[in-house]
Amino acid sequence: MKETMFIDPQRCIGCRSCVSACRECDTHKGYSMIFVDYIDRSETTATMPTVCMHCTEPTCSLVCPADAIKQNDDGVVMSALKPRCLDCRNCVNACPFGVPKYNSAMHLQMKCDMCYDRTSEGLMPMCASVCPTGAIAFGTYEQIVPLRRTKPVNAHVFGNQHVETKVYLMLPTDADEVKVDGCGVFEGRVAMDPGQVGTEESWIDTQVEESDKSNEF
Amino acid sequence: MSKVEHLEQIIDRFGPHLHDEPYGGWQAGRVIDRVVPTHCPYCGVQCGMNLLVSEEHVVGFEPRYDFPVNEGKLCPKGVTAYLQTHHPDRLLYPLIKKNGNFERASWDEALDLITSKFKAIQSKYGKDAIGVYSGSSLTTEKTYLMGKFARAGLGTRYIDYNGRLCMVSAAAGNNKAFGIDRSANPWSDIPLAEVLILAGANCAETFPILNKFLWQQRDNGGRWIVIDPRETPTARQGDLHLQLKPGTDVAVANGMLNVIVREGLIDEDFIRTKTNGWDETRPIVEKFTPDVASQISGVPAAKIEQAGLLYGRAKTGMIMHARGIEHHTNGVDNVLSYINIVLATGKIGDPGRGYGTITGQGNGQGGREHGQKADQLPGQRSINDPEDRKHVCKIWGLPEDELPQAGVSVVEMFDKMREGEIRAFLSICNNGMVSLPDTNNIRRSLEGLEFNVNIDFFMSESSRYADVVLPGTTWSEDEGVTTSAEGRVVKINKAVDPPGEAKEDWWIIQEIARRMGREKYFQFNNPREIFDELRIASKGGKADYFGVSYEKIDKQNGVFWPCPTEEHIGTPRLFDNKEFYHPDKKAKFHPIEYIGADEKPDDDFPLILTSGRVVYQYLSGNQTRRIGFLVQQCPEPYVEIHPETALKLRINDGERIKVISRRGEGVFPALVVRTIRPDTIFIPYHWGEQLAANQLTNPKLDPTSKIPEYKACAAKIEKIHSRELPILGKGRKGTSLSEAQRGK
């Protein structure tokens, strides 16, 4: 499978269409494996969708004492295997992205499996199918990236842990990796020196000055 | 007579109850017997979807990737829409209210009771003593039938529809400026526009799938100017946000046009050859310098300047608007002031250069074209025009003197109920107790009726006041066409039979007419026969459907009207040849002075209350407040308050406070957010009874469109003691940040 997911938080409108559609995937049994969170509703309407990033070396799988979490040949990290899952929740606590959830009714860890029952048959995952804005997109790197003005990033640094993922974040930055320090603070070009906020030159001033170059067709 | 006496029992029996899984539960590997391509029952985007049918039950959906508008995309309402079909709250048989209780009745009993009451009331008070209130979520066939039913079936002049609460200001403005009421461009033009102006349109929450086109435009390098009193998700994503005071759109639009005129960015040639009225309009626009506009609207002058330059200098551009500018006593003025910008720059009638209102309801466009509007006959014809009357009477075979004159708008119809002129009422596809302004007055109107009939598939807040409730169908149980907000006629297909004894709405309406002795005019056996009569009735009208057929819709993925002949493929873009629909083929400018909202804030009521929607609920919520997933995301209304305003009264986030206007008051949890203006508060309106935002809103109407002013009234907020709190909202979560966190 050449296709993967591209998550573009800029585009997310917080409608949770993905959350409702995830339940419809046959193997999910009515449970949604995707999360959409407000960043800080008191300040902004910005929201962030979270799917499994499908790490190259998945932490959830590494910490599983029962070897219940398998990564398949396509690099998709599956939900825990029911006969093996010990209910220990190591994976829930260890995942740096906070993706796996423990389903107490089913005594099972469940997580986004990139709708493997659909994607293995050439169908798009439910979340990417329904997402109105393309905040969650599914396709090959060559199909998706040239259409976007954001940068695909799949290297993440959590304190001392380096994680490479099958899923890309699309970011309005020129950084090559997403760095989060020990306190969970994002360190990147987007985070500005607080003293500078509001003093930067807006694109619109430049554009209005230069008049007719107001588009980039 | 029609009071609600046993509310708790009614709610126990008919809901809203939450239902959240497909028929037979969540199952893997279910055998699907058929896949029915159709469209979403909700908003005006009319996304394509496939319904999955197993053992004669709708058990799920599958994205309809091959439908070009949404390519499989759906919002959360669309995803969960199928859960309505087998919802345990469905009305399964006719109900007659006896001693305040709804009792099961046979169709014959219910229909005979209706006809005997209607006949008695009409013989005592005259034909016009019955009011008919219809809706635009019905298929076009049904909306056509409703107009014919009121005029030819009952002979009453009083019919109107809930599109009156939706986009009539846009319709009136479009007719005045262009001579026709339809979005000028297909949405496939949006990605071609360098600059988009989105005025009063929270597309992210109200037309989620339209965002597909908006982001395609963005990917092409396009820019958005968003005009909204709140920083909605759409405003946040835009390039320039003009955060105006509610009701001051005329000032902002005139201000932008002022900049465009000053900079010489108008299209003199287009204005001279293709339009009328510029000479009268220009002097008024010249008064609205960015400073003047800024003083009225509260938008910084520099932003008005930037917006004017950005749109004025772009080669292509589109202006789109929605309820935010239309729900005002000067709603038509607001619309016309934006159209003035379109006309002055000549950005119309080309790919990527255009204009359109984003109609709200599923069939908001089709539902306002074929005669269920108080003053309208099929094909956007006028009931006041002798030629139009003659044309329609000939097709119906109705003597001309039997065709009633124009009626009144729905809010005025409810006034006439209180005045005693309307004694009996039949409503279908609406829920006035939630969606009409000043609900306390609406309740008095319903309680004063002698006889009240309601057709719905769920017991709505308004159905509770009825004497007879008849069970109709959801969209998945009948076929017919709808017209989306871009003017595309699409086909809704039937997936399963109606449950229990529920009947197709057209059958019910026709059966009442027949029992009233008007069977001569009502001989339809199926929706297709109604559509065929509609096609002929609309022929030669502005909304000409004559060349539209069910087969052509299937073949072309929809047909844009006008489509005058069987060979015609339809008209995706209007005004391609720069000809408009006024007799001289020119468009018309309108000089618009700023008037503002009917109620402006004062010492007693210092805040502006504006109302609106959330993405998880649809209109009055009768359909969506029963779907577990949607209710979990937004279980009850809240009031958005700016932290500065909250601080003055020491209001915390999540605290329940009282909101008061001149008409009523309600208690809502506060959502303290910087995304709203300090002088403005916002409440979403999808709930009824003591949760209704419309207890507070102003029923004052626009003089032309008769739309109420939902988007601006004067209000105040008060802190309340916990002992005064009503017991509401079991298991609330997600209405505010603090609550959402606690809920987790």
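**What the words rest on**

Biologist: What makes B:Gly371 count as buried?

Modeller: A residue is called buried if 20 or more other C-beta atoms lie within 10 Å of its own, exposed if 12 or fewer, and partly exposed in between, with C-beta atoms placed from the backbone. B:Gly371 has 27 other C-beta atoms within 10 Å, so it is buried. Keep in mind that this is a predicted model, where local features need pLDDT of at least 70, side-chain atom pairs count only at pLDDT 80 or more, and totals for chains, interfaces and linings use all residues. Residues are numbered from 1 along each chain as its sequence is written, while chains are lettered from A and ligands numbered from 1 in the order in which they are written.

Biologist: Where is B:Gly371 found, and which residues does it touch?

Modeller: Look in the loop between strand E13 (353-357) and strand E14 (376-377) of chain B. Strands (E, at least two residues) and helices (H or I, at least four) are DSSP runs, numbered from the N terminus. Leaving out residues up to four places away in sequence, B:Gly371 touches B:Tyr144, B:Gly147, B:Lys148, B:Gln376, B:Leu377 and B:Pro378. Contact here means that the C-beta atoms, placed from the backbone, lie within 7 Å.

Biologist: Which residues of helix H12 (290-297) of chain B are buried, and how do you know that they share a side?

Modeller: B:Pro290, B:Ala293, B:Ser294 and B:Ser297 are the buried ones. An α-helix has 3.6 residues a turn, so residues three or four places apart point the same way. Their cover includes helix H9 (249-262) and helix H13 (301-313) of chain B.

Biologist: Why are E1 and E3 of chain B said to stand at the edges?

Modeller: Their open sheet has three strands in the order E1-E2-E3, with antiparallel pairing. Strands pair if DSSP finds at least two bridges between them. Strand E1 (34-39) and strand E3 (57-63) each have a single partner strand, so one side of each lacks a neighbour in the sheet. Strand E2 (48-54) and E3(B) pair over six bridges; B:Leu52, for one, has B:Gly60 in E3(B) as its bridge partner.

Key:
Two residues are in contact if their C-beta atoms, placed from the backbone, lie within 7 Å.
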